[in-house]
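Trainee: I want to check some labels against their cut-offs. Can we go through them one at a time?

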Amino acid sequence: MPHPTSRGPGKPGGTARVSRKRVAVSDSGKSGTSTSPLPLRPRRRAASEPSTRKLAQNASLRLSEVLQNLKKCAAAIQSLDAKLRQHNQEQDRLRRQMDYFALGQKITRTGSWAWNLSSGKLFWSREHFRIFGLDPENNKVSYRVFFRMIHADERAHVEREFQEAVRAGRDFDSEYRIVRPDGQLRYIQSHAYPVFGESGELMEYVGTAADITEQRQGEESLGSMQAELAQASRAITLGQLMATIAHEVNQPLAALVANAGAAVRWLAGDPPRIDKARQALTRIARDANRASNVIARIRALIGGTDVQRSPLDLNSIVHEVIALVRSELRRNNITVRAHLDENLRQVRCDRVQMQQVLLNLIVNAIEAMVTVMTQPKLLAIATVADVAGVMVSVKDSGVGLDQLVLERVFEPFYTTKPRGMGIGLAISRAIIEAHGGRIWAVPNEASGTTFRFRLPFNGTPAE
Amino acid sequence: MKPSNAVVYVVDDDVSVREALASLIGSVSLNVECFASPQEFLRRHSRDGPSCLVLDVRMPGLSGLDLQRELTRTAQPIPIIFISGHGDIPMAVGAMKAGAIEFLAKPFRDEDLLDAIRQALERDQAARGRRAELARIRGRYAQLTARQRQIAKKIVEGRLNKQIAAELHLSENTIKVHRRRIMERMGAANVATLVHLMEQLT
């Protein structure tokens, strides 16, 4: 019979060591045959030599015991091995999951972060490091490092918003630009939410930071096209109006002046040509009527016989117009903030005209801030509802206008701009008043001007 | 000053303007012809005496600037006074660069238009005189023989009879005969006049 150990458990690697140990135990039992079997059978075979048969029997018994132990051993090893395998699989899966997670972050260009409020520690995912242009091995991040990377124009604003969110335990959504150590500018969109402990205390903020640079740059070029379009369409509407006035009025005026000159000359001739002069004077009367008809038509145009009024949400119009000028704002480094009253009731008004008024006020605000270099450029647009109507305000932090100018800005052909026509605010006022509303301007305490208009729910005198 | 055959052409699509300008121009004893479109002008106008064109810029179909280009392209030089209902500066600059006499924004003062018309007619008359003179010189030059043209060129270059004779392998006498004939046919009393006439041909 071959030695049981030589058969072995047949298991490779680390399991062999375990089996060897067990075998060693049973060996020691076997080696003790001279001592340990004796007390077991002293009475049966006292001093006599143990028969070989007995010995063989004994050995076989022992062997089967050993075999039994070995089997148990093998089972134990097997279960251990299975557990080990399971553990490895688990680890593999975890590793794979981590890889997928990192890959997902890479593909979506979204890094994640967590900021512990009590320890003040900030965690960044690898992708977050990559987006911010930092090496995760050699850089430590902190709240301070993070905010220092935000573009100087937006830093204070973003930090203030973040602190406000933390104080209130609110979600935090923000978009900002960062300046990477290599000088590259990236556009980041961040979402974060607070995590609360068992007893409701704020533990940490976890969030994402998505690199939306390409998207924004695409939008920027698209946006600038849109802004140009808006500018163009605005110029076209006002320009068309001017062209209509110019052409339609200048034509009869030119005829009128020429006829008057002709009449004078026919009368001064020798002999005077009364017939010719009379014809010229008749044409003068006709042309004067024509000019005054043109004016009446233009008045009707602005007065709004053609406008289509329907109940509209002014907030949505504010959003539309902001979207139109977004790239213009960005190009001029202007931060826009909209404080829109969520409980706004709809107001009966003409969408296109309202867009025109808002666009006009916003473009004026932008122009007022273009030359401002020092202070942050802020455009604040607000809507507020009261019992009788809606008030919209457009506030800039621009150069500001003095009181004398403010009193005149709504007058037609009054302008403070070198290339202005002085017609935008005059038309805005005409539109607002046609809706039964009122428009006015006030200087801000610090700098700049606020333009406000108010539309009543029930005031539509032009209809 | 005002030749009786001078004509002012008015091209404007607005009938009020046409009537008024016809009356105004007529009141200073100038002939005037009105057209409602550039196409009509190109079809119908006849130019015998001095003339000028009072042209509206913006018209349906061909614009005033198109007409200006067309007249330049077909070598029908005529002084143009633009009148426009839009004070469009780039357009005015373009028109002036292309040789317009004046660009008047409607409504313009009647004197301004009449002054511009007078200036235009004078310029056209002068241009006509120059063109007639040039035609006269060309006609005379055409009467010279090939040999005489060759010699005339050398005279203008300042060569003496002796030099010309040597260069052309002719006798000095032959050159003298040709020279006299050249001066007669070109109507030049002296070499200076001949130089002046020949200059205008180039």
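This is a predicted model: local features need pLDDT of at least 70, side-chain atom pairs count only at pLDDT 80 or more; totals for chains, interfaces and linings use all residues.

Mentor: Residues are numbered from 1 along each chain as its sequence is written, chains are lettered from A and ligands numbered from 1 in the order in which they are written, and side-chain values use heavy atoms, with hydrogens and water left out.

Trainee: What is the mean pLDDT of chain A?

Mentor: The mean is 78, and 78% of the residues of chain A reach 70 or more. pLDDT is the predictor's confidence in each residue, from 0 to 100. Over residues 4-38 of chain A it is below 50.

Trainee: Why is C349(A) called buried?

Mentor: Buried means under 20% relative accessible area, exposed over 50%, and partly exposed in between (1.4 Å probe, protein chains only). C349(A) has 0% relative accessibility, so it counts as buried. C52(B) is also at 0%, and therefore buried.

Trainee: How many disulfides does a search of the whole structure find?

Mentor: Zero, over all chains. The test is a pair of cysteine sulfur atoms within 2.5 Å.

Trainee: What makes R177(A) and E154(A) a salt bridge?

Mentor: The term needs a side-chain nitrogen of Lys or Arg within 4 Å of a carboxyl oxygen of Asp or Glu. Here N to O is 2.8 Å, so the pair meets the definition. R177(A) lies in strand β3 and E154(A) in helix α7, so the pair ties together parts that are 23 residues apart in sequence. Helices (H or I, at least four residues) and strands (E, at least two) are DSSP runs, numbered from the N terminus.

Trainee: Are those two residues buried or exposed?

Mentor: R177(A) is buried, at 8% relative accessible area. E154(A) is buried at 12%.

Trainee: How do you know how R181(B) and E184(B) are classed?

Mentor: R181(B) is at 38%, so it counts as partly exposed. E184(B) is at 53%, so it counts as exposed. Both lie in helix α8 of chain B, three residues apart.

Trainee: Which residues touch the most other members of the largest nonpolar core?

Mentor: L314(A), M354(A), L379(A) and F453(A), out of 43 residues. A nonpolar core is a set of buried Ala, Val, Leu, Ile, Met, Phe, Trp, Tyr and Cys residues joined through side-chain atoms within 4.5 Å. Helix α11 of chain A gives the most to this core, with 10 residues.

Technical notes
Contact means heavy atoms within 4.5 Å.
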